[in-house]
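Hello,

Here is the structure I said I would pass on. Please look at it first and then read the notes below.

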Amino acid sequence: YQNLTEGWVKLNAVHECYPGHHAHAVKTAAGDMPLSFKAVSALTSRAAPLTEGVAVRSEKLMQDIFEDDLFPLFVAYRRLHISVRVWADLLLHHFDKGAESAVQLYRKYMHFSEKVSRGQVFSQQLTPGYFTVYYYGLNKIQQMQENFGWADPEFTELIFSSGKVSLRTVRNLIQLSAEERDMLLNNFTERFMKTN
């Protein structure tokens with residue numbers, strides 16, 4: 001608890017609650033879409049890059065919400081955190097360098113305490129590769145937005161409203177017409193009932 005600074009509390013409020021995971025979950029639950037777009041386990045599914053990418057993207061989009069001049073700097077620090085997590089995952093699970101090398105990354109680049117560093121590494125040992133999806137998901141959804149030329153409001157609405165799906169499915173949704181997307185994500189039951 002001594003390491004839970006105001007920056008981490010604010011960042012987690014955005015990442016976990018609004019407009020992060022909670023908002024994404026509410027939009028998914030409320031959407032009239034196929035149940036296969038809703039029923040996933042975030043840690044082990046192909047939806048993990050989207051769900052974490054959406055939450056990390058929210059951190060940057062909402063960096064001015066608290067009227068705190070230092071919070072955007074903390075958001076940049078969080079991006080460093082995500083990069084260190086990828087590096088640590090590689091050391092642990094690809095290069096077999098062991099836990100101590102990953103602990104030292106957190107100590108050196110994040111200036112985390114010994115206990116916090118070991119906690120981060122232990123979490124990564126329990127979930128091999130999971131923390132890499134934060135970066136991967138963010139990177140891929142940013143590329144999609146840029147490649148398809150969508151403005152922030154429309155793109156944000158789409159990624160929050162498309163359920164818990166793979167990045168490939170999001171790309172496919174982008175390529176549909178607005179009417180086709182609406183029939184799939186907002187009026188699926190009505191459309192299904194009419195055809196059966």
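**Notes on the model**

E67 is found in the loop between α3 and α4. Helices here are DSSP runs of H or I with at least four residues, strands are runs of E with at least two, and both are numbered from the N terminus. The phi of E67 is near 50°, a positive value in a residue other than glycine. E67 is also exposed, with a relative accessible area of 77%. Buried means under 20% relative accessible area, exposed means over 50%, and partly exposed is in between, with a 1.4 Å probe and protein chains only.

Before going on, a word on the source. This is a predicted model, in which local features need pLDDT of at least 70 and side-chain atom pairs count only at pLDDT 80 or more, while totals for chains, interfaces and linings use all residues. Residues are numbered from 1 along each chain as its sequence is written, and side-chain values use heavy atoms, with hydrogens and water left out.

**Backbone**

H111 is another residue with a positive phi, about 60°, although it is not a glycine. H111 sits in the loop between α5 (99-110) and α6, and counts as exposed at 66% relative accessibility. Y18 and P19 are joined by a cis peptide bond, with omega about 5°. P19 belongs to the loop between α1 and α2. As background, most residues other than glycine have a negative phi, and most peptide bonds are trans.

**The whole chain**

The protein chain has 11 helices and zero strands. Its C-alpha atoms fill a box of roughly 60 × 40 × 30 Å, taken along the principal axes. Of its 196 residues, 42% count as buried. Contact means heavy atoms within 4.5 Å. Among contacts between residues at least 6 apart in sequence, 68% join residues at least 24 apart.

There are 21 positive and 21 negative side chains, and the centres of the two sets lie 7 Å apart. Lys and Arg count as positive and Asp and Glu as negative, without His and the chain ends; each charge is placed at NZ of Lys, CZ of Arg, CG of Asp or CD of Glu.

S162 lies in the loop between α8 (152-161) and α9 (167-175). S162 is buried because its relative accessible area is 0%. Leaving aside neighbours within four places in sequence, S162 is in contact with M33, F37, L50, V170, L173 and L185.

G31 is in the loop between α2 (21-30) and α3 (48-61). At 10% relative accessibility, G31 counts as buried. Apart from neighbours within four places in sequence, G31 touches K38 and L185. G31 and S161 are 130 residues apart in sequence, and their C-alpha atoms are 7.0 Å apart in space.

W87 is in helix α4. With a relative accessible area of 38%, W87 is partly exposed. Once neighbours within four places in sequence are set aside, W87 is in contact with L105 and Y109. The C-alpha atoms of W87 and Y77, 10 residues apart along the chain, are separated by 15 Å.

Regards
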